[in-house]
Amino acid sequence: MSYLSIEFALAFVGFFTVYWGCRRMPSMQNLLLLLASYLFYAKLDWRFASILAVYTLVQHGLSRRMSASASPRRWLQASLLLAVGNLALFKYFDFFRESAQAGLNALGVTALLPALDILMPVGISFYTFQSVSYFVSVYRKEIKPAALPQFALFLAFFPTLLAGPICRAGDLLEQLRSPARRQVAQLDRALGLIALALLKKLWLAGWLASAWVDPVFAAPDTFHTLEVWAAFYAYALQIYLDFSGYTDLVTALALLLGIQLPCNFDAPYLALNLRDFWRRWHISLSSWIRDYVYIPLGGNRDGFARAQINLLAAMLLSGLWHGASLKYLVWGAMHGLGVVALNVGDKLWRRDAVSGASPWLARLITFHYVCLAWIFFRAQSLDEAMDFLRAMFAHSGQELTLNAPGLLLLLALWLAALPMLSSLPERCFGRLAALPWWGKPLLLSAIALLVISLAPSGIPAFIYYQF
C-alpha cells in the first residue's frame with residue numbers, strides 16, 4: 001500500500017478518527033499506532049512483519065539484560081552484532097557471496113559458494129539504524145529501557161518505517177512514551193506539507209522520471225548529447241524532489257498524529273562545499289554516520305591523516321548502506337574522496353578551498369560534483385554509468401527528439417532562483433494559516449486534483465523504498 005494511494009488516504013482518515021477518539025489515553029493511542037504499523041507492514045508482505053517482530057523481541061530482551069547487567073558492554077556488543085548480522089544476511093549476503101565467488105574464480109578455485117533465495121524486507125536499513133541508536137542510548141544511560149510495546153512502536157512507526165527519517169531514541173521514543181496528552185501538531189504546516197509532497201513527487205519528480213531520466217539512462221547512446229546533459233541535471237532534481245517529497249509527506253502524517261520528526265533536508269543544492277552538502281542532505285543518515293561510525297572510529301582525535309581515513313571509511317559505509325552494489329561504493333567513495341580533498345586543500349591553503357571563492361561559484365562547483373556522483377547512484381551498474389558518461393562527452397550524431405534546450409533553461413532558472421524557492425514553502429504555510437477552516441481542505445483537494453491531472457499515470461514508488 002503506497003502512501004500516495006487512495007486506499008491509504010481512506011485508511012488513514014479512518015484511523016485518524018479512531019486515534020483521536022482516544023486522545024485522553026496516550027497508551028491506547030500507542031497500541032493503535034503499533035497495530036496499524038504492523039498491519040501496514042504486513043500488507044506489503046507478512047514475512048516483513050514477522051522478521052521485524054522477531055528482531056524486536058530479541059533486541060528488546062538484550063537491551064533489558066544490558067541495562068541490568070554489571071557488564072553492559074558485552075550485551076551492547078551482542079545487540080550490535082545481531083543488528084549488523086541481520087542486516088548483512090537480508091541485504092548483503094548475495095553481494096558478499098558474489099564478490100567472494102569472483103575472487104575465487106580469479107584465483108582459479110572451482111569451489112561454488114552456496115546461494116540463498118532471500119527477500120530483503122523493505123525498510124530494514126532504517127529500523128536497524130534506529131535500533132542501534134536505542135542500544136547506544138541505553139548503554140550510555142541517556143534514556144531508560146523502554147517497555148516492549150513502546151520499543152516495538154519505535155521501530156515500526158509506520159510514517160518512518162519504510163524510508164525514514166532515521167529517528168533517535170531520545171527524540172521519537174521519548175515522544176511515544178510521554179504520558180502527556182497529544183495534540184495535532186501544526187495543522188496548517190501538516191496540510192501544507194501534504195500539498196508540497198504531492199507537487200514534488202506525483203507531478204514534478206514523476207514527470208522528470210518518465211519524460212527524461214528513465215528513457216535517457218536506459219539508452220544514453222541513442223540520444224543527442226544535449227538530451228543526455230539534460231537528463232544529467234534532471235536526475236539531480238528528481239531525486240531531491242522524490243526523497244524530500246517523501247519526507248514532507250511522512251512528516252505531515254506524523255504531525256497529524258501529534259508526533260514531530262527530525263528535519264531531513266535543508267536546501268542541499270545551496271551547499272557551498274561537500275561538507276556543507278552532507279549537513280543539508282539526508283540529515284538523519286549523515287548525522288547517524290557521524291555519531292555512530294565516524295566518531296567511534298576515532299573521528300579527528302588521532303591526527304589529520306587518521307581523520308581522513310575515518311572519514312573515507314564512513315562515506316564508503318554510507319554508500320554501501322544504500323545498496324549491495326559496487327556502484328554505491330563508487331558513489332560513496334566519490335563523496336568521501338571529495339571531502340578528503342577539500343580538507344587537504346583547506347589545510348594547504350589555510351582556508352576553505354571551494355567556498356573561499358564567490359558563493360555562486362562554490363555552489364556551482366559543489367552542485368556539479370554531486371550531479372556527477374549521482375550518475376553512479378542512478379545507473380543500474382558501473383558499465384551503464386560509464387556508458388552515460390561517454391554519451392555526455394561524445395558527439396552522438398543523434399537528432400534532437402526531446403526539448404533539451406527548454407529543459408536546460410528551466411533547470412538553470414530553477415538553480416538561479418533556488419535561494420528564493422527554498423524559503424517559499426514556509427511563506428505559503430503562513431498564508432495557509434490565514435484561511436478559514438473550511439478553505440483549507442478545499443484548497444488541498446484542489447491542489448491534489450490538479451496534480452493528479454498533470455502527473456504521469458500510475459502510483460510511482462519512492463526511490464528510497466529500495467534502501
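Student: How many salt bridges are there, and what makes a pair count as one?

Tutor: The count comes to 15 salt bridges. A pair qualifies when a side-chain nitrogen of Lys or Arg is within 4 Å of a carboxyl oxygen of Asp or Glu. Keep in mind that this is a predicted model, where local features need pLDDT of at least 70, side-chain atom pairs count only at pLDDT 80 or more, and totals for chains, interfaces and linings use all residues. Residues are numbered from 1 along each chain as its sequence is written, and side-chain values use heavy atoms, with hydrogens and water left out.

Student: How do you know that lysine 201 and aspartate 242 form a salt bridge?

Tutor: Their N to O distance is 2.3 Å, which is within the cut-off, so the pair qualifies. Lysine 201 belongs to helix 9 (residues 187-218) and aspartate 242 to helix 10, so this bridge ties together parts that are 41 residues apart in sequence. The helices named here are DSSP runs of H or I with at least four residues, numbered from the N terminus.

Student: Are these two side chains buried or exposed, and how do you know?

Tutor: Buried means under 20% relative accessible area, exposed means over 50%, and partly exposed is in between (1.4 Å probe, protein chains only). Lysine 201 has 4% and aspartate 242 has 2%, so both count as buried.

Student: What does aspartate 242 touch besides its sequence neighbours?

Tutor: Leaving out residues up to four places away in sequence, aspartate 242 is in contact (heavy atoms within 4.5 Å) with Lys201, Ala205, Ala461, Phe462 and Ile463.

Student: What makes arginine 378 and aspartate 214 a salt bridge, and which helices does the pair tie together?

Tutor: Arginine 378 is in helix 15 (residues 359-378) and aspartate 214 in helix 9, so the bridge connects parts that are 164 residues apart in sequence. At 17% relative accessibility, arginine 378 counts as buried, whereas aspartate 214, at 36%, is partly exposed. There is also a network: salt bridges that share partners join Arg168, Arg290 and Asp291.

Student: And why is glutamate 174 called partly exposed?

Tutor: Its relative accessible area is 32%, so glutamate 174 falls in the middle class. Glutamate 174 bridges to arginine 177, with the closest N and O atoms 2.8 Å apart.

Student: What makes a group of residues a nonpolar core, and which members of the largest one touch the most others?

Tutor: A nonpolar core is a set of buried Ala, Val, Leu, Ile, Met, Phe, Trp, Tyr and Cys residues joined through side-chain atoms within 4.5 Å. The largest one has 154 residues, and Tyr3, Tyr134, Phe158, Tyr269, Trp281, Trp374 and Tyr464 touch the most other members. Helix 10 (residues 225-256) gives the most to this core, with 21 residues. Tryptophan 281 has contacts that include Ile239, Tyr240, Phe243, Tyr269, Trp374 and Tyr464.

Student: Why are Val54, Leu57, Val58 and Leu148 called a nonpolar surface patch?

Tutor: Patch members have over 30% relative accessible area and no salt bridge, and nonpolar side chains (Val, Leu, Ile, Met, Phe, Trp, Tyr) are joined within 5 Å, whereas like charges are joined within 9 Å. Valine 58, at 40%, passes the area test, so valine 58 can belong. Together the four make a patch of about 330 Å², an area from the Shrake-Rupley method with a 1.4 Å probe, counting only the protein chains shown as cover for residues. Helix 3 (residues 46-68) supplies the largest share, 3 residues.

Note on methods
Helix = DSSP H or I, 4+ residues; strand = E, 2+ residues; numbered from the N terminus.
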